[in-house]
Amino acid sequence: MTQPEPRSLWASRLGFILAAAGSAVGLGNIWKFPYVVGQNGGGAFVLVYLVCILLIGLPIMMAEFMIGRHTRRDAVGAFIQLQGKRSPWTAAGWISVGAAFLILSYYSVVAGWTLDYVLRALRGGFSGLPAGEIEGLFDGLIADGPRQILWHLVFILLCLGIVIGGVQKGIERWSKILMPVLFALLVLLFMNGMLSPGAWEGITFMFRPDFHKLTPGAVLEAMGHAFFTLSLGMAAMITYGSYLRRNEDLLGSSLRIVGLDTLIAVMAGLAIFPIVFSVGMEPGAGPGLIFKTIPVVFSQLPGGYVLAILFFLLLSFAALTSAISLLEAQVAYLIDERGWGRKRSTSFLAGLAFVVGLPTALSYNSLAEWTLIGERSFFDSADLLASNYLLPLSGLLISIYVGWFWSGSEEKEELVAGGSGWVYPLWHFLIRFVSPAAIAVVLFYKMRETGLFTWLAGLF
């Protein structure tokens, strides 16, 4: 086995913040956040979501950065260094790396849809078509296995091309390009939304709390989304934390990342809802909001051709910045624990993710009859397993370990190094009591809601 490569570090604080924010800012912000807000009553949901970000998401993000920087290892190696190779706590690392791999395999397929829609928008594919035909374009796409596989491959190759360049010359360099462009695109769409006839209605919908619509299920949805949107529990933040310099202010950097992630999610909502209201459409349209409803809206608006291009470019860039962190989390494992070189690790894992993602691309066509968990398709089963079970389980284990079993002096040392030692008592209380309790509730709710207990009982 060859010796591991010397560990790279981020060249600048800005590069780290943009890369970590890019990991957090993904399709969850621009695709999922608007429609879950729409389905759960708007302003009251947003308020609960913001509280959950601060009380649950931020402490766990800081904990993952601390683990990574303290050990200078990947997610699996970090727990091996902290507790030993035979420790059961290494399960937290394995689960997070496994979740990163599984998510990348199907996330790439979804990202491929955005690339397909960018090309379609460039060709003016939404102009002059009736609403029913535009909505049918998405059904045609997911029914076309070869086309999905092609875009899946293109997206995986884009990820490979960035990650193979390394931390500074690959991930950091491209994050400094992709994130400013992503934000510029979002600002243009946000300004368009604010100038549309539905601007005030959209603002009211986003920010006026209606607690009558805030059900217990909506609160748990807000808690779960606050965790998922920050890329927690998927090895990415531990890995990115391992490239941090010792004097980096973990609290300050985490607040900037959380703030940027939340800002983009809110701006996405304010870009989408006003134009949806402008043409009298339903804001709680569910997952089809992005690929069915929004193209119909663009086809009815002046300048809709340009807006469609900007919007789907935005989605593509958001997907790419998240996907490279998922791939890097896995690459770091092979480099640190197996001694592989970066080129070999990246090429192998990208190729494997492409192969494992093929059943996802075929889930609604050639393999439509193939079901797994609870009669769900391969795609839905993979997403269910990763998003609803593996990520919260990994986050729960990490928060319990850091809150109850890791040395308090080492934790405090990591905060003191960046000048944030004063926050240790509050952070430690949150990571010890609030975060694990909240995640445990969400995990149990997701297991019950998705029928896992019923499915497991049926197996026996």
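1. Helices are DSSP runs of H or I with at least four residues, numbered from the N terminus. The model is predicted: local features need pLDDT of at least 70, side-chain atom pairs count only at pLDDT 80 or more, and totals for chains, interfaces and linings use all residues. Residues are numbered from 1 along each chain as its sequence is written, and side-chain values use heavy atoms, without hydrogens and water.

2. Helix α3 (residues 43-71) gives the most to a nonpolar surface patch, namely four residues. Patch members have over 30% relative accessible area and no salt bridge, with nonpolar side chains (Val, Leu, Ile, Met, Phe, Trp, Tyr) joined within 5 Å. The patch consists of Leu47, Val51, Leu54, Leu55, Phe211 and Leu255, which together have about 530 Å² of accessible area (Shrake-Rupley method, 1.4 Å probe, only the protein chains shown counting as cover).

3. Arginine 69 and glutamate 414 form a salt bridge, with closest N and O atoms 2.7 Å apart (a side-chain nitrogen of Lys or Arg within 4 Å of a carboxyl oxygen of Asp or Glu). This pair links distant parts of the chain, arginine 69 lying in helix α3 and glutamate 414 in helix α17 (residues 408-417), 345 residues apart. Both residues are buried (under 20% relative accessible area; exposed is over 50%, partly exposed in between; 1.4 Å probe, protein chains only). The structure holds 13 salt bridges.

4. In helix α6 (residues 131-142), the buried residues include Ile134, Leu137, Phe138, Leu141 and Ile142. They lie on the same side of α6, because they cover an arc of only 125° around the axis (taken from the directions from the helix axis to the C-beta atoms).

Terms used. Patches are made of residues with over 30% relative accessible area and no salt bridge: like charges are joined within 9 Å, nonpolar side chains (Val, Leu, Ile, Met, Phe, Trp, Tyr) within 5 Å. Helices (H or I, at least four residues) and strands (E, at least two) are DSSP runs, numbered from the N terminus.
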